[in-house]
Amino acid sequence: MMKLMMAGAFATVAAAVFVTAAAAQDSANIGEQGLQTEPMELVIDDEKMMTRVKAPADSPFTELISGWEFRNPGTRKMELDDFDNPAFIWVEQGEELWSTVDGTEGKSCATCHEDASDSMKGVRAAFPKWDEAKGKPQAMEHQVNECRTERMGADAWKWESDQMLGMTAYVGLQSRGMPVQVEIDGPMQEWWQRGKDLYYQRVGQLDMSCANCHEDNYGKMIRADRLSQGQINGFPTYRLKWQKIGSLHRRFKGCMQNIRAVGYKRGSDEFTALELYVASRGQGLSVETPAVRQ
Amino acid sequence: MIPRMVWIASACIAAGVTAASAEVVAPDKVMMEDMTVGKSLSGQAGNPDEGRKVFASRKLGNCLACHANADLKNELFHGQVGPPLDGVADRWEEPQLRAILVDSKKVFGGQSIMPSFYRIINDQRTQEKFHNKTILTAEQIEDIIAYLKTLKE
């Protein structure tokens, strides 16, 4: 009896949450277009990913929705099983590099960080991170190269190299399922604001900001593509269009290119600030690295 | 006799060139009043058949990226970002359509996602190949307007 009452109470609460006008509006935004014609949950290795979470009060969204939800069933399915996820070709490379000695100091990542499944847990969820010595935030790629050049005596990897993509995918995977949780207070506040300014700034001959598509029009089709909220919880991500895995900054550049603007450089202060800001708009979504998108 | 004929012919050509270029309204000279632009940007009436092509072309108007249009139902993938344009000629007068195409933000407000098709934007990290260029030419915009005027319900 107690159990029944509890279940009833839970259902009532759940229903109340579900029908809040704002949430209903958000659901309609993507549901109406036949998105959930084949309903699916993102469960990988028996772990359920949070692909839809209630947004905090200060969010421009009422619900935070992972890019996975906006993709067609075929693309969504590819992320359900790591054997079907082509990004794992790079993950395997990253795993191998983790314990490969490189540079003048005779070290590998494992020399200091040992077992990645332990030491790298939660790392992806918290990047970009403040770096006191550098006096600015670092994306994960910056951090990897800092280790390589300053502690291993090895050459920096190029941002979009297979090694860097493999390493960031492998390290990122150790946080899969954990909620995105970036620090935006203290010295990060100024960088967060800089990222926000970039997000709302119109650029290019087509005169659009990130917000025009990803805040004002997500869920709608723009020609053959469905606009998402531009959440970044799955990066680096395997993109069918690229036929390979790619970095978030590559994706940023692609968007700017489309609106006939000159993109910033990968690893630039601008893109790092934008990464921080966009990550903060997805606080609480599960890390899906390495995700699969169209 | 022959020299005189040549003189007349040259004068005609010169006058023709001057007249045509004088009639194109430069992007910074477009007169918008009460969210309307009355005067043709090219100085001529547009061609609806050409306009239909410019409308559909991904490299030119790419209007289908955002707007559905039943008249072009043979083209795949119509966008949903803007309103469908079926019957658009019943809802807007020609001078209003021209104002929307020239600079949508002056009609719909600063939040509109719609590009301004006849405004030069060099100072927003615009790629160099698009400097001092509008998205569409005066003639292409007039052609699109002529085409839109055929979309009645």
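Buried here means under 20% relative accessible area, exposed over 50% and partly exposed in between, with a 1.4 Å probe and protein chains only. This is a predicted model, where local features need pLDDT of at least 70, side-chain atom pairs count only at pLDDT 80 or more, and totals for chains, interfaces and linings use all residues. Residues are numbered from 1 along each chain as its sequence is written, chains are lettered from A and ligands numbered from 1 in the order written, and side-chain values use heavy atoms, leaving out hydrogens and water.

View 1. (Rings of Phe, Tyr and Trp, the last by its six-membered ring, pair if their centres lie within 6.5 Å; planes under 30 degrees apart are stacked, over 60 edge-to-face, the rest tilted.) Both A:Phe61 and A:Tyr218 are buried. A:Phe61 is in the loop between β3 (52-54) and β4 (63-65), and A:Tyr218 in the loop between α11 (210-214) and β7 (221-222), so the pair ties together parts 157 residues apart in sequence.

View 2. Strands (E, at least two residues) and helices (H or I, at least four) are DSSP runs numbered from the N terminus. A:Thr237 counts as buried, at 2% relative accessibility. A polar atom of its side chain lies 2.9 Å from the backbone oxygen of A:Ala291.

**View 3. A:Arg148 lies over the face of A:Trp157.** The distance to the ring centre is 3.9 Å. Elsewhere, A:Arg194 lies over the face of A:Trp191, 5.1 Å from the ring centre.

Notes: Polar contact = N/O pair within 3.5 Å; in protein donor to acceptor, adjacent residues only side chain to side chain. Lys NZ or Arg CZ within 6 Å of the ring centre and 35° of its normal.
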